[in-house]
Amino acid sequence: MTQTAPWWHAATAYQIYPRSFCDSDGDGIGDIPGIISRLDHLADLGIGFVWLSPVYRSPMADNGYDISDYRDIAPEFGTLADMDRLIAEAKSRGIGIVMDLVVNHSSDEHHWFQEARRSRDNPYRDYYVWRDPAPNGGAPNDLQSNFGGPAWSYDERTGQYYLHLFDRRQPDLNWQNPELRRAIYEMMNWWLDRGVAGFRMDVIDLIGKDPDASITADGPDLHPFLREMHDATLKGRDVVTVGEAWSATTEGALLYSGRDAGELSMVFQFAHIVQGWDEVHGKWKPKPFDLVGLKQVLAEWQLALADDGWNSLFWSNHDLPRAVSKYGDDGRFRVVSAKMLATVLHMMKGTPYIYQGEEIGMTNIAFTDISQFRDIETLNFHKIQTAAGVTPGDFLAGANSNGRDNARTPMQWTDGPQAGFTSGEPWIEVNPNHREINVAADRARPDGIFAHYCELARLRRELAVMREGSFTPYLQDHPKVMAYVRQHEDARIAVLANFTGEVVTVDVPRGLAISGRAISANYPGRDALDGTAELRPFEAVAILEG
Ligand code: GLC
């Protein structure tokens, strides 16, 4: 018997970063009523589910990735009643709301942590990871925080250190404690019973950690915990779960997302992103774009998950720069290159994620002074790196190229004041290019980027070959073009894309040759590939045979 494919194989996802999406009350911060007012935009786009970045109560040290109450909504974002309305209004448009589950750590203002730090014998003490100082009084070991500096902070009152793999205001939860795990599962069920369509799981690869052995990602208890979580919450429910896993390998991805693994629906991994980072300085030092390296990683993942497991497809999210600035051309060829990126990504196997603003080709913002940045990671690294001798100019170059605030400037709805995002003062500057780049202008064009994305979402719902087809890469060593074929039963799609602003002439390999109908293209007039193809700047075409 063939299993029917799950609904999310046919879905296109959309990520909302609530703080920057739409502000309904003029306080300069996006909110849930603002999201509700824009649901038709997402319905028009053909979205199947929204990954909603955290809206829970939070002191906002990391814009909500530091939760102080998992069962309430941050007042700046709205109320639980607003949330229920969002779930219902989205559902009536065929859109599921996927909550961001941030349970590797909580906020230091969560009552669990407030209790835990009162005394060593407090009942909540063991909900967190506490260790005695090293013999010299220093941190228990050298573990470093992902946001820079030691991963241990000393707590005066009880004379021990607590672990935080992110900021000191984000203490790590102790997953070794069965009571803590039960409390998390209960909370998940509480949200599922409210009607959410699933969870995106923040840095989920860290929960099985063994800090004493300096093991953070992929710890020995990771997969047992996920299976236990599945049994306690997800089993028997038709929901979608997405695990953020920076450390995932192709083999690991099968453990998370294998059909019968009993863990998650899919992984959200970053191999294609980090291949573009500097080996020593990571994302803080820009590195020239290397298409061959990028294609190699993409193909490796497509092939590894060909028969089992499921991947997320994305260029960008709230932690990454804007897709068109990073992989395309955000100047002269902005529109065609944004469409090219959409075509090559969405034609692959997996569930595609559109990050808010990508559907109109929003770009990075070039800040000129550190005071314009808001992101805790950028500000922490600024301190560390400038103290270590990096010049302010070099730091700015890195932050402007890869910093997280690029993705967090407000959604550009109109060419009006503050891009129609707020009637007040936005919490972070609006990109001045909203005068040309905005939803109203792009949607008014039949050949806009939005229209291109709508088409891709529609094709995914319609074409089994796009969802389930095999993947065969071509021209892997070509430094300027990307090419592949998808095949399912009798249906075949060939994709060819030029990643440069120059005309590129390609000898079409035999396996790529095709004639039929262009189903996704950013220039008119190509419905076959054969012999040689002269690709226009950033041209991309997907041709369905027949
Ligand atoms: C994830 C989130 C990021 C957050 C971090 C800590 O990587 O995507 O925004 O800062 O986890 O929660």
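How many bridges join strand E15 to strand E16? Select residues 481–488 (E15) and 491–498 (E16): eight bridges join these antiparallel strands. Strands are DSSP runs (E, at least two residues) and helices are DSSP runs (H or I, at least four residues), numbered from the N terminus. Two strands pair if DSSP finds at least two bridges between them.

This is a predicted model, in which local features need pLDDT of at least 70, side-chain atom pairs count only at pLDDT 80 or more, and totals for chains, interfaces and linings use all residues. Residues are numbered from 1 along each chain as its sequence is written, and side-chain values use heavy atoms, with hydrogens and water left out.

Now show the whole sheet. It is open, with six antiparallel-paired strands in the order E14-E15-E16-E21-E18-E19. Its edge strands, E14 (470–474) and E19 (528–529), each pair on one side only.

Select helix H11 (334–346): it lies across E15, E16, E18 (514–521) and E21 (540–545), at about 145 degrees to E16.

Finish at E18. Five bridges join E18 to antiparallel E21, where Ala542 is the bridge partner of Ser520. Two bridges join E18 to E19, also antiparallel; Ile514 has Leu529 as its bridge partner in E19. Between E18 and E19 the hairpin has six residues, and Gly525 takes a positive phi near 90 degrees.

How values were computed:
Contact means heavy atoms within 4.5 Å. Axes are lines fitted to C-alpha atoms, for helices over the stretch in contact, and angles run from 0 to 180 degrees between N-to-C directions.
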